[in-house]
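User: I would like to go through the terms used for this model and the values behind them. Please set each value against its definition.

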Amino acid sequence: SFTAHGIIMVFFFLVPVVPTVLGNFCLPLMIGAKDLAFPRLNLLSWYVYMLAAGWVLVAIIAGGVDTGWTFYTPYSSRSSHYNVIPTMIGVVISGFSSMMTGINFIATIHWLRAPGLRWFRLPLFVWTLYATSFIFLLAVPVVAIALILVIVERLFQVGIYDPALGGDPLLFQHLFWFYSHPAVYIMILPGMGIVSEVIPCFARKEIFGYRFVAYASFGIAWIGFFVWAHHMFVAGISAHAALIFSALSFLVAIPSAIKVFNWTATLYKGSITFEAPMLFCLGFVVLFTFGGMAGLFLACLGVDMHVHDTYFIIAHFHFIMVGGMVTAYMGGLHFWWPKITGRMYSEWWARNTAIIICVGFFLTFLPQFVLGYNGMPRRYHTYAPEFQAWNVLSTAGSSILGFGYILPLFYFPYALRHGKP
């Protein structure tokens, strides 16, 4: 269950779905194009994604995978479960879908902009899709190669990662995190683009520091490729390498902080109204800032060694990915829903959903920072008695959070048939 949750949510929702769903709809409209540059390639990317997702679900249901979603060696290279190989093949196939999307977005932005639509007149959501597309093209092949080498090692007993065969398990971690840390920005950059569209709309102001926000998107994408080994501070890398990656991890926070500052400055003295998209995006700013501040703690070598592989990491990751990206995605979905469908959803239900999700999220994951700092390890299904109260609180919060996520499944379909045109 640990493995299935991570594989499905990371490889088949956050990475491929969040940028491409709203990106496919909004990008042509925002630049004045009739469609993406390669419509058939776009359709093929969807078929490839569905093939990969179905393949992996069958592999997981048929026997499970016991490696964790990161496929760490030697778990993955020595695992007794044969379904490790089909699962990794499915993840590799899904990567081709992401690369097709990246090629399509880059070509569309370069070639199909309306006459006179220069680079610094582009909507900021387009800038974030552009930066995300480069990460698709540069990072996804690396994780594909890493997983293919695991498959080769399992099938042919070639010593790549397995020490018993003369391999190096740390090599896999380097290759995996060289993809997976930039992948965090694949997930978060489109959310930042959504927020950069929604906040100016409901603050009735132009975005503060447009060029800084645009350049910060590429700053995040570029620096994100140089921080991968902060996931490996306790894995045996040298002290000098750890110091360098620690400094780079602090550096990558700067362009993110620029965005948060500019969103805040945009709100300053604005004529703010609190419709549902705005509530979701304000929730994103708060939750992302919380998660980002926790990331600064993890960039400190001493603190990271204490909280590594504890629930502190779980809380940090989910504040960024779920509290941040999914909340921004919900904001974008509500923001563009009337344009997508021609119907209006219930504003009352949507506003309450935003509040319920943010409250439920804080109740779920704030206790996990405390649990992790006090030493509760991740990936265990049991815990010591002294952690009982915090776990109960976190479980109660998850019930509220789950209820909040279920509500749109009712009022969106209702709006399709009965919503105000």
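User: How many cavities of 30 Å³ or more does the structure hold?

Analyst: The structure holds one cavity of 30 Å³ or more. This is a predicted model, where local features need pLDDT of at least 70 and side-chain atom pairs count only at pLDDT 80 or more, while totals for chains, interfaces and linings use all residues. Residues are numbered from 1 along each chain as its sequence is written, and side-chain values use heavy atoms, with hydrogens and water left out.

User: What makes a space a cavity and not a pocket?

Analyst: On a 1 Å grid over the protein atoms alone, a cavity is a set of points where a 1.4 Å probe fits but cannot get out, whereas a pocket is an open set with protein on both sides within 12 Å along at least five of seven lines. Lining residues have an atom within 4 Å of a point. The largest cavity has a volume of about 90 Å³, and a volume is the space filled by probe spheres set on the points.

User: Which residues line the largest cavity, and which element gives the largest share?

Analyst: Among them are Phe11, Val15, Val91, Ser94, Val140 and Tyr179. The largest share, five residues, comes from α5. By class, the lining has nine nonpolar, three polar and no charged residues; Ala, Val, Leu, Ile, Met, Phe, Trp, Tyr, Cys and Pro count as nonpolar, Asp, Glu, Lys and Arg as charged, and the others, Gly among them, as polar.

User: What is known of the second largest pocket?

Analyst: About 220 Å³ of space lies in the second largest pocket. Its lining has 13 residues, with Pro16, Thr20, Asn24, Ser45 and Trp46 nearest its centre. That lining divides into six nonpolar, seven polar and no charged residues.

User: Why is α2 called oblique to α6?

Analyst: The axes of α2 (residues 17-31) and α6 (residues 124-156) come within 10 Å and cross at roughly 130°. Angles under 35 degrees count as roughly parallel, over 145 as roughly antiparallel, 65 to 115 as roughly perpendicular and the rest as oblique. The angle therefore makes α2 oblique to α6. The α2 side of the contact (heavy atoms within 4.5 Å) includes Pro19, Leu22 and Met30, and the α6 side includes Phe125 and Phe136.

User: Why are α3 and α5 given another word?

Analyst: Helix α3 (residues 39-63) and helix α5 (residues 84-111) pack at an angle of about 160°, with their axes 8 Å apart. They are therefore roughly antiparallel to each other. Their contact has 16 nonpolar, eight polar and no charged residues.

Conventions
Axes fitted to C-alpha atoms, helices over the stretch in contact; angles between N-to-C directions. Helix = DSSP H or I, 4+ residues; strand = E, 2+ residues; numbered from the N terminus.
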